[in-house]
Amino acid sequence: MADGKARYAPYNSPAGGWGAAAATAKVLLEQSVVTKGSRALLAMNQPGGFKCPSCAFPDADCTKKLEFCENGAKALAHEATKFRVTRDFFAQHSVTELNEKSDYWLEMQGRLTEPMRYDAASDRYVPIAWDDAFATIGRHLRALDSPDHAEFYTSGRTPNEAAFLYSIFVREFGTNNFPDCSNMCHEPTSRGLPPAIGVGKGTVVLEDFEHAEAIFVIGQNTGTNSPRMMTNLVEARKRGVPIVAVNPMPERALIRFTEPQDIVQMATFGSTPIASEFVHIRIGGDLALIKGMMKVMFEREAAGETILDHDFLSEHTVGMESIRDEVVSLDWADIVRVSGIDEAQIRRCAEIYIRSKATIICYGMGITQHREGSRLVRQIANLLLLRGNFGKPGAGISPIRGHSNVQGDRTVGIDEKPSQAYLDRVRDVFGFEPPRDYGHHTVEAVEAMHRGTAKVFIALGGNFVRAIPDTERSYAAMRKLDLTVAITTKLNRGHLIHGKEALLLPVVARSERIETEAGEQFVTIEDSMSNVTASRGVLAPASPDLLPEVEIVCRMAMATLPDSKVPWASYIADYGPIRDKIAEVYPSIYTDFSKHIENPAGFHLDIPPRRRVWPTPNGKANFLPLPGLEVNDVVDDPAMLRLATVRSHDQFNTTIYSYNDRYRGVYNDRMVLFMSAEDRAARGLEAGARIALETIARDGITRRVEGLTVIDYPMSRGAVAGYYPELNPLLPLDYYDEISGTPAAKSIPVKVIAA
Ligand SMILES: Nc1nc2c(c(=O)[nH]1)N[C@H]1C(S)=C(S)[C@@H](COP(=O)(O)OP(=O)(O)OC[C@H]3O[C@@H](n4cnc5c(=O)[nH]c(N)nc54)[C@H](O)[C@@H]3O)O[C@H]1N2
Ligand SMILES: Nc1nc2c(c(=O)[nH]1)N[C@H]1C(S)=C(S)[C@@H](COP(=O)(O)OP(=O)(O)OC[C@H]3O[C@@H](n4cnc5c(=O)[nH]c(N)nc54)[C@H](O)[C@@H]3O)O[C@H]1N2
Ligand SMILES: [Mo]
């Protein structure tokens with residue numbers, strides 16, 4: 001629980017500004033790293049320095065600008081923290097005791113310092129030598145009846161070099177079981193877009209924001225989760241570019257923002273209005289909005305105006321007609337009901353889109369985490385295709401990714417559904433035959449644990465048990481495993497909900513120097529806009545007993561695969577040859593990797609749709625359908641509310657920095673439920689009422705979270721929101737998008753149970 005008294009007070013100031021500056025100072029102080037942290041901040045996203053460990057938004061021309069980002073500073077301060085978790089700490093606290101502590105408390109204990117193994121007799125973690133830890137992993141993996149009985153998780157902070165070697169190790173071992181954080185995140189982008197435009201990535205680069213004539217930000221809380229993007233939005237607004245924000249929550253930074261970079265604004269307490277059009281959408285109403293906009297376009301086209309880009313459509317696309325026929329047949333009354341947006345505002349949105357000769361559509365978890373996440377992403381592509389908004393300056397689709405290298409990890413092989421062509425390259429480059437069947441994504445991995453077929457779970461980063469749905473049942477699933485391995489920086493719940501045997505393997509973090517026998521090494525990451533850059537830590541490692549992630553992967557492989565075809569030992573000291581192998585496996589995008597990475601600004605991986613080249617089977621951009629207006633199952637229960645599980649301003653995924661959520665006016669509490677006063681009153685509840693929430697599920701299992709305080713908040717009707725991961729117990733494991741496997745964490749059907 002939080003120390004202070006819970007307090008709720010609407011926040012009416014602009015986001016950013018002095019509040020952000022103060023929050024940065026506060027977190028450096030809390031972690032006792034004012035001098036060290038401030039110095040490290042100067043090297044973050046600078047040539048010769050390291051990449052911010054927080055989000056995946058690219059940094060602007062890093063040679064010119066010292067960017068300020070409150071949440072980047074928090075991520076760094078928590079990584080650079082003065083606090084340490086030592087063997088004495090574990091001697092003092094049993095795992096049962098630690099499990100009584102909050103996620104916040106666990107995080108605040110600091111950095112792990114040496115490898116540990118779980119000792120069942122004393123219910124404690126005790127020290128283990130690195131060699132013995134690797135031998136334990138090798139012994140378990142070699143003893144499995146099938147390589148498919150192990151699950152190899154990756155979280156997106158892992159750099160390219162470690163992720164690439166991990167993907168090779170696991171494939172040589174013999175499985176494609178690669179559950180990863182992307183499976184819960186932008187997988188609908190990675191799986192939804194390739195059949196449409198040929199790539200599962202965004203087509204926009206940072207410079208496009210300077211040429212855009214309209215920007216849509218759909219289902220993404222920019223000021224909190226990709227604060228550096230606020231600079232681009234502010235600049236666009238100052239040029240008079242309309243910005244349309246679509247969200248069931250009027251997120252503060254999307255309404256008004258003060259640039260901490262802007263000295264005049266800071267000094268005068270000035271700010272910039274961001275959204276020229278705020279679209280207060282119902283949860284899951286985005287499909288109806290998009291179709292409403294298309295309907296306006298098709299109707300005006302039919303009335304004789306030229307709205308569509310006909311040359312582009314005929315030269316580059318297939319399938320527009322069937323989309324048009326469906327859209328024009330839709331009723332405005334249904335569109336308005338499902339979106340919650342009146343026809344006049346949908347027409348204004350369409351008008352903004354039609355007037356703009358170059359439009360960018362950005363989107364986040366508010367789009368992907370629905371039952372039809374993948375096909376919804378395709379509708380965004382459809383909307384863009386209609387006006388040729390691909391392959392020209394200032395236009396394109398821009399998924400805003402989460403973890404700093406989540407996109408890169410996929411590019412270099414963390415993929416449970418690898419293509420046959422890629423597997424052929426792996427075979428040719430490394431000389432072993434990789435497995436050809438698809439492996440498990442995150443949900444399938446948990447299902448395998450439930451069945452008892454999964455025996456070993458290895459996590460390269462992350463906090464799997466807190467990130468996945470159905471907390472209670474997922475904990476039970478994890479506890480059935482024979483061995484769990486966490487390759488990690490800081491203590492988290494995933495270390496305490498473990499298998500019969502368990503290992504904690506602490507690593508050198510992003511901001512820290514990697515020194516090997518061959519000297520100082522750097523790693524590389526790929527941001528949300530496909531720029532690959534080098535990252536060189538500047539701080540001394542938190543402890544002398546940490547190992548770099550690359551070495552851990554190599555030594556797991558050596559302990560598991562004595563007859564390996566891969567020269568694992570040779571990759572431990574020098575990371576250059578790893579990049580040469582990446583270049584061999586991905587010759588079309590990573591040509592001359594080692595040479596290009598010397599450029600301080602990095603380099604851009606080719607995205608063919610930027611050249612109007614479509615790597616789809618038919619060589620065209622395809623309009624792909626999602627009939628109707630619903631992106632989630634319709635629940636026939638008048639008590640039903642749609643719950644979005646979201647991030648506060650003071651957390652990074654499962655890492656809780658504090659119990660405050662400044663921009664939403666919540667202090668010292670995370671057990672809150674944001675609800676409109678109308679929906680509250682309709683349920684006969686007082687503001688501030690204590691309630692429980694229960695999932696309306698199909699499987700007869702009761703999923704309930706107690707002790708939530710209802711806060712009056714300008715939510716769209718029928719929509720409620722609360723925090724991830726506290727509300728994950730409400731998300732059924734089988735409630736996901738079929739195409740991507742992504743849990744529908746933004747649209748859980750729930751009802752209020754008065755306390
Ligand atoms: N500081 C910080 N930065 C982060 C993270 C973090 O936790 N903290 N996490 C990182 C990761 S891994 C990711 S994936 C990203 C996540 O960044 P975001 O994509 O911003 O994720 P969320 O906070 O989960 O919620 C997104 C928004 O979707 C809105 N929303 C909910 N339902 C709907 C809907 O049906 N339609 C629409 N249009 N909107 C909806 C919510 O109100 C919220 O504003 O951020 C990354 N960056
Ligand atoms: N209900 C609900 N569930 C969700 C979401 C949601 O919006 N709602 N969002 C989903 C999304 S978008 C995502 S991406 C996932 C996130 O799932 P994960 O990526 O698994 O979770 P994180 O909280 O980012 O992981 C934090 C842990 O990573 C470790 N770590 C940090 N830095 C490093 C490093 O440099 N190296 C290594 N090896 N380890 C490190 C630390 O131990 C830290 O505790 O959660 C998903 N779950
Ligand atoms: Mo994410």
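Author: Before we start, helices here are DSSP runs of H or I with at least four residues, strands are runs of E with at least two, and both are numbered from the N terminus. This is a predicted model, where local features need pLDDT of at least 70 and side-chain atom pairs count only at pLDDT 80 or more, while totals for chains, interfaces and linings use all residues. Residues are numbered from 1 along each chain as written, chains are lettered from A and ligands numbered from 1 in the order written, and side-chain values use heavy atoms, with hydrogens and water left out.

Reader: What percentage of residues 111–490 is helix?
Author: UniProt lists that stretch as "domain: Molybdopterin oxidoreductase" in an unreviewed entry; such annotations may be inferred rather than shown by experiment, and their positions follow the numbering used here, with feature names shortened. Its end C-alpha atoms are 5 Å apart and 14% is strand; the helix share is 47%.

Reader: And what percentage of residues 641–748 is strand?
Author: The UniProt name there is "domain: Molybdopterin dinucleotide-binding", again from an unreviewed entry. Helix makes up 6% and the end C-alpha atoms sit 8 Å apart, with strand at 34%.

Reader: Which side chain has a polar atom 2.8 Å from an oxygen atom of ligand 2?
Author: We're after polar contacts, meaning pairs of N or O atoms within 3.5 Å. Lys746 puts a polar side-chain atom 3.2 Å from an oxygen of ligand 2, and Thr489 has a side-chain N or O 3.3 Å from one of the ligand's nitrogens. The 2.8 Å pair belongs to His403.

Reader: How much of ligand 1 does the protein cover?
Author: Start with contacts: side-chain N or O atoms of Asn247 and Arg647 each lie 2.7 Å from an oxygen atom of ligand 1. Accessible area comes from the Shrake-Rupley method with a 1.4 Å probe. On its own ligand 1 has 920 Å² of it, and the protein covers 99%.

Reader: Along with domain 4 (640–754), which domain gives at least three residues to the shell around ligand 2?
Author: The bounds come from an automatic or database domain assignment. Ligand 2 has 30 residues around it, including Tyr153 and Thr654. Besides domain 4, at least three come from domain 2 (84–183 + 405–591).

Conventions: A residue is near a molecule or strand if one of its heavy atoms lies within 4 Å of it. A polar contact is a pair of N or O atoms within 3.5 Å; within protein, one must be able to donate a hydrogen and the other to accept it, and residues adjacent in sequence count only if both atoms are side-chain atoms.
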